[in-house]
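Open your viewer and get ready to click along. Each stop tells you what to select and what is there.

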Amino acid sequence: MESTTNLDAAYVPSEDVVAREIEEELIIVPLAAGMGDTEDELYSLNETGRAIWDRLDGKASLKDVVDELCVEFEAPAGEIERDVAGLVGELLKRRMLVKAATG
Amino acid sequence: MEDNTYVARLGGTNPPLWKSNSPLLGKLDLELTERCNNNCIHCSINRPADDRAAREKELSTGEIGDVLKEAVSLGCLTVRFTGGEPLLRDDFEELYLFARRRGLRVLLCTNATLITPHLAELFARIPPLEMVEITVYGMREESYEAVTRSPGSFEAAWQGMNLLLEKKVPFGVKGALLPANREEMEEFEAWASAIPWMDRPAPWAMFFNLRARRDSEEKNRLIRRLRLSAEEGLRMLTREPQEYRKAMVEFCSGFIGPPGDRLFTCGSGIGSGCVDAYGFFQPCLLLRHPDTVYDLRKGSLKDGLTRFFPEVRERRAKDPDYLNRCARCFLKGLCEHCPAKSWTEHGVLDRPVDYLCEIAHAQARYLGLLGADENAWEVRNWRERIESMDEQSDLVGVPLTESV
């Protein structure tokens with residue numbers, strides 16, 4: 001299981017989750033067992049998390065995502081990179097994200 | 001795992017906090033079939049498992065899929081699969097996966113007799129995200145099957161529950177209090193409390209509803225004989241007198257009062273509803289009056305929720321007896337009377353139900369809200385009585401009137 005974030009890699013939501021937008025909230029609904037501490041948990045992403053999640057399409061690398069967000073939010077690269085790595089790391093730990101297949 | 005600043009856990013049955021409005025449809029009840037492999041003596045809905053006419057009228061797999069798709073589009077997060085016995089459907093697994101893959105939590109209500117190793121494994125691998133709800137009818141084959149009238153059902157139910165335990169699939173149980181199992185109450189409660197996911201006492205059904213489709217007066221006569229009287233019900237409700245009184249003081253101070261001629265004072269049809277086995281959308285599971293059901297084969301959940309249900313909820317009582325009693329009665333809220341109960345008991349939406357009236361009055365007398373010969377609909381100073389109830393909460397555990 002991938003647990004360390006690689007900024008050169010592209011990531012994509014796992015097939016074991018369903019992401020739903022409900023009344024402006026992004027709710028992540030686990031499909032498979034063992035993705036949370038209890039078997040009835042759902043998850044939501046905050047605004048920063050949402051902005052990053054929406055760009056995890058399996059094609060753009062995390063570096064690309066960071067660059068894009070720097071422009072959109074006019075924020076320093078270091079700060080954006082920390083947020084991206086933080087979210088991706090958290091989602092990888094929960095198996096909600098996987099590294100995209102290459103080539 | 002700890003929450004970081006990006007990902008928040010939304011645990012348990014608490015709904016997420018929506019930034020703006022709640023979704024149009026938060027929860028949907030879906031009655032997959034009215035058919036059941038049991039034939040419980042007290043059941044308000046069941047049809048035989050091999051009822052061909054019923055089966056042919058049921059929504060198809062595709063039709064249920066369409067309902068679920070629309071429910072998801074309206075923001076629904078939870079669907080309750082109920083019946084009859086929902087596992088009787090040959091396409092249950094397909095419907096379950098369809099719902100889960102669209103990001104729905106599934107609350108399954110079942111008698112557990114049809115839970116197979118394959119299904120238990122499925123629920124372990126792709127969890128429903130809601131506890132499976134199982135009704136248990138007795139602790140022995142003799143008592144259990146005296147209720148279900150289905151030989152072999154006791155062993156099958158226990159096998160089903162053991163499979164869920166083995167696979168660590170969370171489930172909860174509730175009891176149906178009937179003459180055949182009444183002597184087993186304590187045994188049932190002790191057993192239920194040992195189920196790993198039961199974090200509160202197992203609830204009991206005891207004031208059974210009459211037939212939801214008003215299709216059998218013979219069965220209704222049986223149900224009337226089986227359900228607890230007001231006095232017996234009060235004894236059950238007040239088994240823990242301190243807890244009961246504390247809960248009722250809190251409840252009565254906020255949720256009871258005369259409704260006037262408004263019929264619908266509950267939340268039925270607001271953000272929720274029930275689709276019956278044949279495609280009719282109802283404000284709640286029990287209400288099947290022809291004027292209050294919406295044909296989904298000719299419309300949509302959205303139209304039902306935004307146009308039809310609000311019209312239903314606007315209905316006013318006309319029955320003189322209702323207007324004289326229920327409309328003026330401050331026990332509304334404590335009393336379980338509602339249009340659905342009136343429908344099952346009388347075939348109309350606005351008639352008092354004496355059985356429910358007796359139960360509510362018994363509780364009110366126990367709580368000191370009513371004198372022995374008073375009718376609640378004749379009381380004018382009910383607000384003072386409720387406030388006085390608050391002041392007497394220090395006397396928790398001390399009945400203000402003699403216990404029944």
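This is a predicted model: local features need pLDDT of at least 70, side-chain atom pairs count only at pLDDT 80 or more; totals for chains, interfaces and linings use all residues.

**Stop 1**

Select E74(A). E74(A) sits in the loop between α2 (62–73) and α3 (77–93) of chain A. Its phi is near 50°, a positive value in a residue other than glycine.

Next, select R214(B). Here too phi is near 50°, and positive in a residue that is not glycine. This residue is in the loop that runs between β9 (204–205) and α8 (217–226) of chain B. R214(B) has 15 other C-beta atoms within 10 Å, so it is partly exposed.

**Stop 1: a sheet built from both chains**

Select β2(A), β3(A), β4(A) and β1(B). In that order they form an open sheet of 4 strands, with antiparallel pairing. Which strands stand at the edges? They are β2 (17–22) of chain A and β1 (7–10) of chain B. Each has a single partner strand, so one side of each has no neighbour in the sheet. Turn the view to look across the strands. On average, neighbouring strands of this sheet are turned by 30° against each other, direction ignored.

Zoom in on β2(A) and β3 (residues 25–30) of chain A. Their antiparallel pairing runs over 6 bridges. Find R20(A), then look across to β3(A): I27(A) stands opposite.

**Stop 2: the domains of chain B**

Colour chain B by domain. Domain 1 covers 27–239, and domain 2 covers 240–263 + 316–397. How far apart do their C-alpha centres lie? The distance is 30 Å. The contact between them takes 13 residues from domain 1 and 12 residues from domain 2. On the domain 1 side, the touching residues divide into 6 nonpolar, 3 polar and 4 charged.

**Stop 3: the cores**

In soluble globular proteins, nonpolar side chains tend to be buried together. Select A71(B) and V79(B). These residues have the most contacts inside the largest nonpolar core, which has 70 residues. Stay with A71(B). Leaving aside neighbours within four places in sequence, A71(B) is in contact with L25(B), L28(B), C76(B), V79(B) and L301(B). Finish with a second, separate core of 37 residues. Among its members are M248(B), L349(B), C357(B) and M389(B).

Key
Residues are numbered from 1 along each chain as its sequence is written. Chains are lettered from A and ligands numbered from 1 in the order in which they are written. A nonpolar core is a set of buried Ala, Val, Leu, Ile, Met, Phe, Trp, Tyr and Cys residues joined through C-beta atoms within 7 Å. A residue is buried if 20 or more other C-beta atoms lie within 10 Å of its own, exposed if 12 or fewer, and partly exposed in between; C-beta atoms are placed from the backbone. Two residues are in contact if their C-beta atoms, placed from the backbone, lie within 7 Å. Domain bounds come from an automatic or database domain assignment. Ala, Val, Leu, Ile, Met, Phe, Trp, Tyr, Cys and Pro count as nonpolar, Asp, Glu, Lys and Arg as charged, and the others, Gly among them, as polar. Two strands pair if DSSP finds at least two bridges between them. Helices (H or I, at least four residues) and strands (E, at least two) are DSSP runs, numbered from the N terminus. Axes are lines fitted to C-alpha atoms, for helices over the stretch in contact, and angles run from 0 to 180 degrees between N-to-C directions.
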